[in-house]
Structures are given as C-alpha cells and as structure tokens.
Amino acid sequence: MEFKPCVNIHQEIDIVGARQLGRQYAKQLGFNTVDQARIATAISELTRNIYLYAKSGKVCFDVIDQINRKGLKICAIDNGPGIQDIGQVMQDGYSTSGGLGAGLPGVKRLMDQFNIQSDQDGTRIEVIKWVR
C-alpha cells in the first residue's frame, strides 16, 4: 500500500512538520482535541526515533474511510540498522539514548493499532487511531 502524503525526516525540524501535518489530518477527520494531542505525540515519538537512530526516513499518512468508521493510519519508515530485539524496545524503561524509555510502548498505548517490522534493512511501524 502506498501512503501519501509523506514527510521526509532528515533534520530535527522535520519532526515539527510531521507533527503539524498529522494533527491537521486528525482535526479534519473529526478527532477530539485529546485524541489530536495523542496522535501528535505518537508522531513526535516515531519521527524522533527515525531522526535519532536511522538519521533519515519518512512518515506517511493515510485516511481510512470505511462504512462504519474513519481513522488515520501513520506509517514511519526508515532504512536504518533496524531493531535487534523488538521485545526489549517495547518494554517500558528501556532506552539506548538515555531517555525515559517510554517512546514505542507509549506510542502503542496512545494508538488503537500498532504494528512493527524491523530487520537489518530498516524499520517500518504502522499505527492507526480510529475516530470515536
């Protein structure tokens, strides 16, 4: 599935652009302000991980419009070194950057669906939030 539009992540300021675009989509889809903030926070975490660990990548947005519900799918893609132990990074408190270690577990809690794939060629994380 091809995602559009995407925000390329090459420098720290790109995190802001991705966050703003995601929040704009969330608002247009009818997410309440709390869920808009949750989505923006998740985007910040995903894009910061790209910037810190892979140095570059992209975050893409896709509106899901089904008969009974609408949602926003966000896909964070990089060609970095990959995550060696996904189970470890999904544990609260684990960090290789000196942070709180709440990034990816926090993203999973903020969103309704979470899927991560990673190997030596990069990482792809897809998350979905449904409008309530």
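Is D112 buried, partly exposed or exposed? D112 counts as partly exposed, because its relative accessibility is 36%. Here buried means under 20% relative accessible area, exposed over 50%, and partly exposed in between (1.4 Å probe, protein chains only). The views below come from a predicted model: local features need pLDDT of at least 70, side-chain atom pairs count only at pLDDT 80 or more, and totals for chains, interfaces and linings use all residues. Residues are numbered from 1 along each chain as its sequence is written, and side-chain values use heavy atoms, leaving out hydrogens and water.

**View 1. D112 and K129 form a salt bridge.** Their closest N and O atoms are 3.6 Å apart. A salt bridge is a side-chain nitrogen of Lys or Arg within 4 Å of a carboxyl oxygen of Asp or Glu. D112 sits in the loop between α4 and β4 and K129 in strand β5, so the pair ties together parts 17 residues apart in sequence. K129 counts as buried, at 2% relative accessibility. Shared partners join D35, R38, D112, K129 and R132 into one salt-bridge network.

**View 2. R48 and E12 meet in a salt bridge.** The N to O distance is 3.2 Å. R48 belongs to helix α2 and E12 to the loop between β1 and α1, 36 residues apart. Helices (H or I, at least four residues) and strands (E, at least two) are DSSP runs, numbered from the N terminus. R48 is partly exposed at 35% relative accessibility. E12 is partly exposed too, at 43%.

**View 3. D14 is buried without a salt bridge.** D14 lies in helix α1 (residues 13–29). The nearest side chain of opposite charge, R48, is 12 Å away. Lys and Arg count as positive, Asp and Glu as negative; His and the chain ends are not counted. D14 touches V7, N8 and I9, leaving aside residues up to four places away in sequence. Contact means heavy atoms within 4.5 Å.

**View 4. Five strands make an open sheet.** The order is β1-β2-β3-β5-β4, with antiparallel pairing. Two strands pair if DSSP finds at least two bridges between them. The edge strands are β1 (6–9) and β4 (113–119), each pairing on one side only. Four bridges join β1 to β2.

**View 5. K55 has a positive phi, near 75°.** Most residues other than glycine have a negative phi. K55 is in the loop between α2 (33–54) and β2 (57–65). At 55% relative accessibility, K55 counts as exposed.
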